[in-house]
Amino acid sequence: MIHLRYEVDGSDFVSCGKASEDVKRTLKNIGIPSEIIRKIAIAMYEGEVNMVIHANGGLAEVEILPDRITIVLTDTGKGIPDIPKAMEEGFSTATEAIRELGFGAGMGLPNMKNYSDDLKVESRVGEGTKVTMSFIL
Amino acid sequence: MTVGEVRNILNAGVLCGQDLLDVTEIKSACGADMMSDVLAFVKDQGMLLTGLTNPQVVRTAEMMDINCIVFVRGKTPDPSVVRLADDKRIILLTTEERMYPACGKLYRAGLSEGSSGKATA
C-alpha cells in the first residue's frame with residue numbers, strides 16, 4: 001500500500017494542482033493505465049481547486065491499494081449548506097474573480113462524481129467538508 | 001496535423017517546445033476560457049485554444065494530457081507559466097487571431113473536435 005499526504009495551501013492559487021501532479025506522476029511510475037490516471041488526476045485536481053477557491057486549502061490524502069485508489073480531501077472551510085444543490089451541474093457560489101481565473105462554472109463536484117467510481121461528500125456549515133473519492137483499478 | 005502546421009495556419013509565435021513542433025501530431029482541439037469546461041467536456045484532446053494565461057491553464061492541460069496550448073488574441077503568459085509548460089513538455093503558441101477565427105481556420109484545415117463530448121469517464 002502507498003499512502004500520500006499533501007497540505008494544500010489555500011492562499012496560493014499559482015501552485016494549486018501540485019498535489020494532483022505529484023499523484024499523477026506516482027501513478028504513472030507504478031504502471032497504472034493512462035486512462036485511469038487521467039480520471040484520477042482530473043477528479044483530484046477539481047477537488048484541489050475547490051479547496052483553494054472555497055475553503056482556504058486543506059488536506060489531501062491518497063491511499064493506493066492493489067485493487068483501488070481512495071482520495072480523501074478534508075478542509076475546515078465554510079462548509080456546503082445544500083449538498084444536492086452543489087452537485088448540480090452549473091451551480092456555483094464562486095465569485096467573479098474566481099471565474100476570471102477559469103473556474104467556478106459549477107462543474108467541480110459533478111466532474112468529481114463523473115470521473116470517480118464512488119463519491120461521498122460530508123459537510124457541516126461553519127466546520128468544513130470531507131470529500132471521499134474511490135477509483136476501482 | 002502537426003503543431004508546426006498549426007503554427008503556420010495561425011501565423012503563431014512559439015513560446016516553448018520548438019523542438020516538438022514537427023513531431024507532435026494533433027488530432028483534435030478545443031477552445032475554452034473556462035478550465036472547468038475543459039475538464040468536464042473534453043476527452044482525448046491534443047490541443048487547447050484559450051485566452052486565459054494563468055498557470056492553471058498549463059496544469060489543466062497536464063491533467064488532460066493536452067500537449068499544446070494556443071493563446072489567442074496575442075496573449076502571452078508570464079515567463080513563469082512558460083517555464084512550467086516547458087518543464088512538462090507542453091508546447092505553447094501565441095497568435096494574434098481571435099478565438100473564433102482561430103478555431104475556424106483550424107477546423108477548415110481538417111482539425112475537428114475529435115471525440116469530445118461530455119466525459120462519462
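**Exercise 1. Helix H3 of chain B**

Task: H3(B) is followed by Asp65(B), whose phi is positive, near 60 degrees. Work out what caps the N-terminal end of H3(B), and which parts its buried residues pack against.

Solution. This is a predicted model.

- Step 1. Look at the N-terminal end of H3(B). Asn54(B) is the cap. One of its side-chain oxygens lies 2.8 Å from the backbone nitrogen of Gln56(B).
- Step 2. Check burial. In H3(B), 10 of 10 residues are buried, and the helix is mostly covered. Among the buried residues are Pro55(B), Gln56(B), Arg59(B), Glu62(B) and Met64(B).
- Step 3. Find the packing partners. In chain A they are helix H1 (18–29) and H2. In chain B they are H2, strand S3 (47–50), strand S4 (68–71) and helix H4 (79–87).

**Exercise 2. The interface**

Task: Describe the interface of chain B and chain A: how many salt bridges does the rule find across it, and which element of chain B gives the most to the side that touches chain A?

Solution. 

- Step 1. Take the extent. The contact involves 26 residues of chain B and 28 residues of chain A. The buried area is about 2,300 Å², and carbon and sulfur atoms give 52% of it.
- Step 2. Count the pairs. The rule finds four salt bridges across the interface. It also finds 16 residue pairs in polar contact, both residues at pLDDT 80 or more.
- Step 3. Assign the elements. Helix H2 (35–41) and helix H3 (55–64) of chain B each give two or more residues to the side that touches chain A. H3(B) gives the most, with seven residues.
- Step 4. Sort by class. The chain B side has 12 nonpolar, five polar and nine charged residues.

**Exercise 3. Cys16(A)**

Task: Cys16(A) lies in the loop between strand S1 (2–9) and H1 of chain A. Is Cys16(A) buried or exposed? Which residues is it in contact with, leaving aside neighbours within four places in sequence?

Solution. 

- Step 1. Apply the cut-off: buried means under 20% relative accessible area. Cys16(A) has 2% relative accessibility, so it counts as buried.
- Step 2. List the contacts beyond four places in sequence. In chain A, Cys16(A) is in contact with Tyr45(A), Glu48(A), Val49(A) and Val52(A). In chain B, its contacts are Gln56(B) and Arg59(B). Both of these chain B residues belong to H3(B) and are buried.
- Step 3. Compare sequence with space. Cys16(A) and Gly57(A) are 41 residues apart in sequence, and their C-alpha atoms are 9.4 Å apart.

**Exercise 4. Salt bridges**

Task: Start from Arg38(A) and Asp65(B), whose side chains meet in a salt bridge. Which residues do salt bridges that share partners join into one network?

Solution. 

- Step 1. Over all chains, the rule counts 10 salt bridges.
- Step 2. Take the link between chains. Asp65(B) meets Arg38(A) at 3.2 Å, N to O.
- Step 3. An α-helix has 3.6 residues a turn, so residues three or four places apart point the same way.
- Step 4. Arg38(A) is buried, with a relative accessible area of 12%. Glu35(A) is partly exposed, at 44%.
- Step 5. Take a separate pair. Lys85(A) and Glu88(A) meet at 3.4 Å, N to O. Lys85(A) is partly exposed, at 34%, and Glu88(A) is partly exposed, at 39%.
- Step 6. Close the network. Salt bridges that share partners join Lys24(A), Glu35(A), Arg38(A) and Asp65(B).

**Exercise 5. The nonpolar cores**

Task: Which residues touch the most other members of the largest nonpolar core?

Solution. 

- Step 1. This core has 61 residues, and Val62(A), Ile71(A), Phe103(A) and Met133(A) touch the most other members.
- Step 2. Helix H2 (residues 34–55) of chain A gives the largest share, 12 residues.
- Step 3. Follow Val62(A). Beyond four places in sequence, it touches residues including Ile2(A), Leu4(A), Val23(A), Met44(A) and Ile71(A).
- Step 4. Another core of 20 residues lies apart from it, with Met1(B), Ala12(B), Met47(B) and Cys68(B) among its members.

Note on methods: Residues are numbered from 1 along each chain as its sequence is written. Chains are lettered from A and ligands numbered from 1 in the order in which they are written. This is a predicted model: local features need pLDDT of at least 70, side-chain atom pairs count only at pLDDT 80 or more; totals for chains, interfaces and linings use all residues. Side-chain values use heavy atoms; hydrogens and water are left out. Contact means heavy atoms within 4.5 Å. Buried area is the accessible area (1.4 Å probe) that two parts lose on being put together, summed over both. A polar contact is a pair of N or O atoms within 3.5 Å; within protein, one must be able to donate a hydrogen and the other to accept it, and residues adjacent in sequence count only if both atoms are side-chain atoms. Helices (H or I, at least four residues) and strands (E, at least two) are DSSP runs, numbered from the N terminus. Ala, Val, Leu, Ile, Met, Phe, Trp, Tyr, Cys and Pro count as nonpolar, Asp, Glu, Lys and Arg as charged, and the others, Gly among them, as polar. A nonpolar core is a set of buried Ala, Val, Leu, Ile, Met, Phe, Trp, Tyr and Cys residues joined through side-chain atoms within 4.5 Å. Buried means under 20% relative accessible area, exposed over 50%, partly exposed in between (1.4 Å probe, protein chains only).
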